[in-house]
Amino acid sequence: MSDGLARLRTATLLGSVLAALCSGTNYVYSAYAPQLGDRLHITSTQLNIIGELGVYTSGPVLGRIVDRRGPRPLLIACFFLLLIGYMGIRSYYDAGLAGSDNKLPFLNLVALSIFSFMTGVGGNCGLIAGTNATAKSFPERLRATTVGFVLSGFGLSAFLFSSLSHLFFPGDTSSFLLFLSLGTSIPIIVSFLTVQTVPHAELPDTLGTTRSVLPSNVAISTSNLLEQDTLGEHINGHVYVADGVSLYPEVLSAVDHPRSVSRGADSEFSPTRVGMARRSASRRPQDRSDPLILPDPIDVYGKKLLTGWEFFLLFAILSLLSGTGLMYINNVGSIAQALSAKGDPDYNKIEAGKLQAAQVSIISLANCGARIAIGASADFFKGRFGAHRSYLLVVISAMLMLSQIVASHNENTENLWQTSLMLGLGYGGIFGLLPTITIEWFGIAHYSENWGFVSLAPLFGGNIFSILFGRDFDRHASNLASETAVVPSLPNTPRAPLPEPGRVCLDGRACYADTLTITTIACMVALLLSLVAGWRDWKKGKTSKYESLPQEILWEDAEE
């Protein structure tokens, strides 16, 4: 049975990574957004609003579904939403503006926003399904690493699709959108067939610190346990048996579970008596020195979650840091364009496009690497030194703050990679670490629902900072439109389209400098809040050995 479960667990991990690879294409938005705005005459502010729809608003609802129904319903939704969403965006891009219209009709803008919303929700479906199945299929000591591995696929998605598009469809935005539609939806079929929740041999975090249910000197095989007429308690959808083996009900479907655990009004586990397989007669008297201990539960959700200060602490940190990251990710194409076109309306559009694609790739690779590295680092420091994972929030906040300081002083295209690298590392780090911290603080039984609420934070920070950037950029571009329209182009030189209000800015760094000042301050505030989060875990760790004493110690002989 253990080999079979190990194979299922590996298949789940790989299928989850595949789903994440198909789900992270919201990060490639900046690779086609300037072209979309150029063709449909959409302002930078409107592009930022469209780009943020759907990705984060659906989190709580999707999390509740996957906690109750498992990952496969979300994978089905992911397939259809990504397929239809990108096809819809492509149809509007191909149609362009009708006749002599120089502005996209309002209803068409709404329809375009709906298709963008579908791609965001579809990507969220795939990511939530993969991370939920992985988090519940691997033990606590490996959770940050494996979840980070899945999240790395989400971060790598932009690099994968933009690189393949540049290789096979250079300069062809329509083909790129078609590739996104088919390339993100068809592989989800494989994930649907492989991703599932697989039992593992540790108590979940809903019961506090991971530990074995039975004393370490008891060795009873699973097959022997199946022969008994009494098994362990049925808790939160699991059956706990010898040596901490956690089996899901479907594994033991033929076995009758005679006892259950009482629950209070707040749905938290309240232990009564702990059952064991009927082998007590074979135990020696000296075995009484090894008691059966059941730790206190961690299962915070619903009203209790939303009224706690710890939730708002994580929410504020994520809102500030992810908002900074999304502002840059969604607008790095415009930043590259502004630096390339500084004082030169005849800037080389081909070179600007290459710079734009390079920044997307750098951010994506750094995002991917950070999600793997932060999870492995958090597990290493916690296992080796007992350091709390929340301490790394300070490092992440400092990295993002530094990226904004560097960006605010950069005035040439050659150094833009520095900002992209640091921001990609910080952004990947925050999303690689916070899901595991959410499990540690609030438990795993309602992990996806809880993370759905926490992940609403980028909706606020991302939209606020992105809209500020759009207005800042449009303001500078509008002032220059009348001046740049009369400048002639040189022969045989690729030339950008004549700038229209809110489209092309020739002021370089000044086009967005005010926004960077705001995001720098936001990262400083997040750094202070990260210190508070670390202090919370440090203080809780000092007192946990006194507060987590078992409610009841039951000697095995008491079962007779």
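Mentor: Start with Asp537 and Arg536, which form a salt bridge in this predicted model. The closest N and O atoms are 2.5 Å apart. Asp537 is buried, and Arg536 is buried too. The pair also belongs to a network of salt bridges that links Glu310, Arg536 and Asp537.

A search of the whole structure finds 10 salt bridges. Another of them joins Glu440 to Lys382, with 3.8 Å between the closest N and O atoms. The cut-off is 4 Å, so this pair counts. Glu440 lies in helix α15 (residues 416-442) and Lys382 in helix α13 (residues 349-385), so the bridge ties together parts that are 58 residues apart in sequence. Glu440 has 19% relative accessibility and counts as buried, because the limit for buried is under 20%. Lys382, at 28%, counts as partly exposed.

Now take a bridge inside one helix. Asp472 and Arg475 meet through their side chains at 2.7 Å, N to O. Both are in helix α17 (residues 457-484), 3 residues apart, so about one helical turn separates them. An α-helix has 3.6 residues a turn, so residues three or four places apart point the same way. Asp472 is buried, at 2% relative accessibility. Arg475 is partly exposed, with a relative accessible area of 43%.

On to the rings. The whole structure holds 16 aromatic pairs. Phe311 and Phe315 make one that is tilted, with 5.7 Å centre to centre and 45° between the planes. Both lie in helix α12 (residues 309-340), 4 residues apart, about one turn of the helix. Phe311 is buried at 4% relative accessibility. Phe315 is buried as well, with a relative accessible area of 18%. Phe380 and Phe385 form an edge-to-face pair: 5.9 Å centre to centre, 80° between the planes. Planes over 60 degrees apart count as edge-to-face, so 80° qualifies. Phe380 is partly exposed, at 39% relative accessible area, whereas Phe385 counts as exposed, at 57%. Phe161, Phe168, Phe169 and Phe179 form one aromatic cluster.

Arg39 lies over the face of Tyr93, 5.1 Å from the ring centre. Arg72 lies over the face of Phe192, at 5.6 Å from the ring centre.

Buried residues in α5 include Leu74, Leu75, Cys78, Phe79, Leu81 and Leu82. Tyr93, the ring under Arg39, is also among the buried residues of α5. Gly96 follows the helix, and its phi is positive, near 65°.

Finish at the surface. Met87, Leu182, Ile186, Ile189 and Leu193 make a nonpolar surface patch of about 440 Å². Leu193 is found in helix α9 (residues 188-194). Leu193 is exposed, with a relative accessible area of 60%.

Note on methods. Residues numbered from 1 in each chain as written. Predicted model: local features only at pLDDT ≥ 70, side-chain atom pairs only at ≥ 80, totals over all residues. Heavy atoms only, no water. Patch = residues over 30% accessible without salt bridge, like charges linked within 9 Å, V, L, I, M, F, W, Y side chains within 5 Å. Areas by Shrake-Rupley, 256 points an atom, 1.4 Å probe, with all protein chains shown as cover. Helix = DSSP H or I, 4+ residues; strand = E, 2+ residues; numbered from the N terminus. Buried < 20%, exposed > 50% of the residue type's maximum accessible area, 1.4 Å probe, protein only. Phe/Tyr/Trp six-rings, centres within 6.5 Å; stacked < 30°, edge-to-face > 60°. Lys NZ or Arg CZ within 6 Å of the ring centre and 35° of its normal.
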